[in-house]
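Subject: Structure handover

Dear colleague,

I am passing this structure on to you, and I would be grateful if you could look through it alongside the notes below.

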Amino acid sequence: MQFDINEILRDNIKKLKPYSSARDEFQGEASIFLDANENNFGSPTDSLYNRYPDPQQWVVKKRISEIKGVPPQNIFLGNGSDEAIDILIRAFCRPGIDNIIVLPPTYGMYSVSAGINDVAIKEVPLTAAYQLDLEGIAEAIDPNTRLIFVCSPNNPTANSIIREDIETVLANFRGIVVVDEAYINYSRQKSFIQELTEYSNLVVLQTLSKAWGLAGLRVGMAFASQDVIEVLNKIKPPYNINEASQQLALQGLANIDKVNNWIRETIQEREQLAAALEALPFVQQVYPSDANFILVRTTAPRDIYSYLVNKGIIVRDRSSVILCDGCLRITVGTAEENLQLVATLKSFTI
Ligand SMILES: Cc1ncc(COP(=O)(O)O)c(C=O)c1O
């Protein structure tokens with residue numbers, strides 16, 4: 001199905017003249033900058049932060065481009081991928097008129113951002129195997145459906161979504177399909193980034209918050225066609241990634257070997273932790289994981305959660321979430337943390 005961004009872009013965004021900052025308007029070399037009302041005397045910190053950061057974060061994008069094999073013009077950086085989610089909704093969904101489709105159980109911010117923007121949410125639950133209900137999705141799509149959020153590997157179920165099913169949605173939907181790959185580095189599946197040239201309605205989200213170990217910096221990435229990226233850039237606050245985050249992100253992106261070692265270690269730990277959890281008498285099911293967390297179905301989720309809290313160990317109680325009865329979501333920790341978790345769980349009695 002042909003995708004035309006102008007069919008779904010909000011009129012006010014089409015007409016919007018974005019804010020043009022001092023750093024947008026002059027980009028050459030100069031020795032005296034008196035254009036941005038900064039404090040030219042310096043900053044009271046060890047590092048110099050008295051200047052506004054690059055609004056387009058080109059140096060960081062170039063590095064990401066080298067790693068991901070995507071041109072910088074096809075990359076948007078957000079204050080976490082949460083910002084990209086919010087901006088996508090604001091760009092394409094008219095409040096009170098349009099809707100998005102989410103596939104629960106899934107990451108909560110798609111619905112929260114839609115709710116904040118007064119955009120209706122259509123829920124098409126995953127199947128019992130935590131895969132896409134393609135018929136349900138086809139039925140839910142109406143002329144005002146603008147975005148479908150597919151999370152793969154999915155949070156909180158930890159599994160990857162069948163690739164061909166995502167492609168079916170991409171090929172048959174006139175709006176944008178957002179594939180959230182926050183946990184892709186832990187997955188056996190390849191990223192959808194390679195499909196960007198094939199599908200102009202595809203947006204892939206990734207983040208420095210998970211495998212890269214930089215959740216505190218708040219740097220998320222959206223990869224998409226240049227048309228979509230230009231729209232996101234038009235809407236974002238001018239300096240949405242601060243200078244400290246840009247510098248530290250660059251530093252982090254230079255440490256690929258360390259990150260790859262952590263990924264290997266996490267996957268190893270995940271398999272050991274899964275096996276140890278499976279052996280516990282109150283564990284009914286350990287779901288296969290393609291992420292850095294494990295979903296576990298237990299006989300007494302709330303009691304186990306409170307017991308662990310009392311022992312100073314915090315996991316996520318997901319037992320009230322659709323299709324997750326009895327379930328706890330457990331992040332894979334370090335070897336030591338996982339051993340302590342399992343040892344503590346072994347002493348739990350109902
Ligand atoms: C699936 C998914 N997407 C996005 C995010 C948000 O990531 P960020 O830290 O980049 O905002 C999370 C965070 O837990 C997540 O689980």
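What follows is an account of the domains, the ligand surroundings, the strands and some backbone details.

Please keep in mind that this is a predicted model, in which local features need pLDDT of at least 70 and side-chain atom pairs count only at pLDDT 80 or more, while totals for chains, interfaces and linings use all residues. Residues are numbered from 1 along each chain as its sequence is written.

The protein falls into domain 1 (5-254) and domain 2 (257-346), with bounds that come from an automatic or database domain assignment. Taken over C-alpha atoms, the centres of domain 1 and domain 2 are 29 Å apart. Between them, 20 residues of domain 1 are in contact with 20 residues of domain 2, contact being counted when the C-beta atoms of two residues, placed from the backbone, lie within 7 Å. The side of domain 1 that touches domain 2 has 11 nonpolar, seven polar and two charged residues; here Ala, Val, Leu, Ile, Met, Phe, Trp, Tyr, Cys and Pro count as nonpolar, Asp, Glu, Lys and Arg as charged, and the others, Gly among them, as polar.

Around the ligand, the residues include Ser 81, Asp 82, Tyr 107, Cys 151, Asp 180, Thr 207 and Gly 220, a residue being listed if its C-beta atom, placed from the backbone, lies within 6 Å of the molecule. By class, this shell has four nonpolar, six polar and two charged residues.

Turning to the strands, helices (H or I, at least four residues) and strands (E, at least two) are DSSP runs, numbered from the N terminus, and two strands pair if DSSP finds at least two bridges between them. Strand β5 (residues 176-180) has five of its five residues buried, where buried means that 20 or more other C-beta atoms lie within 10 Å of a residue's own, exposed means 12 or fewer, and partly exposed lies in between, with C-beta atoms placed from the backbone. Ile 176, Val 178 and Asp 180 on one side of β5, and Val 177 and Val 179 on the other, are all buried. Strand β4 (residues 145-151) runs parallel to β5 and is joined to it by five bridges, with Val 179 in β5 as the bridge partner of Val 150. On β5 there are also four bridges to strand β6 (residues 202-207), again parallel, and there Val 178 has Val 203 as its bridge partner.

Strand β1 (residues 75-78) pairs with strand β7 (residues 220-223) in the antiparallel sense over four bridges, and Gly 78 has Gly 220 in β7 as its bridge partner. A further open sheet of four strands, with antiparallel pairing, has the order β8-β9-β11-β10; its edge strands are β8 (283-286) and β10 (316-317), each pairing on one side only.

Most residues other than glycine have a negative phi, and most peptide bonds are trans. A cis peptide bond, with omega about 0°, joins Pro 104 and Pro 105, and the bond from Ser 152 to Pro 153 is also cis, with omega near -5°. Tyr 130 has a positive phi near 60° and is buried, with 22 other C-beta atoms within 10 Å. Ala 158, in the loop between β4 and α8, has a positive phi of about 80°.

With best wishes
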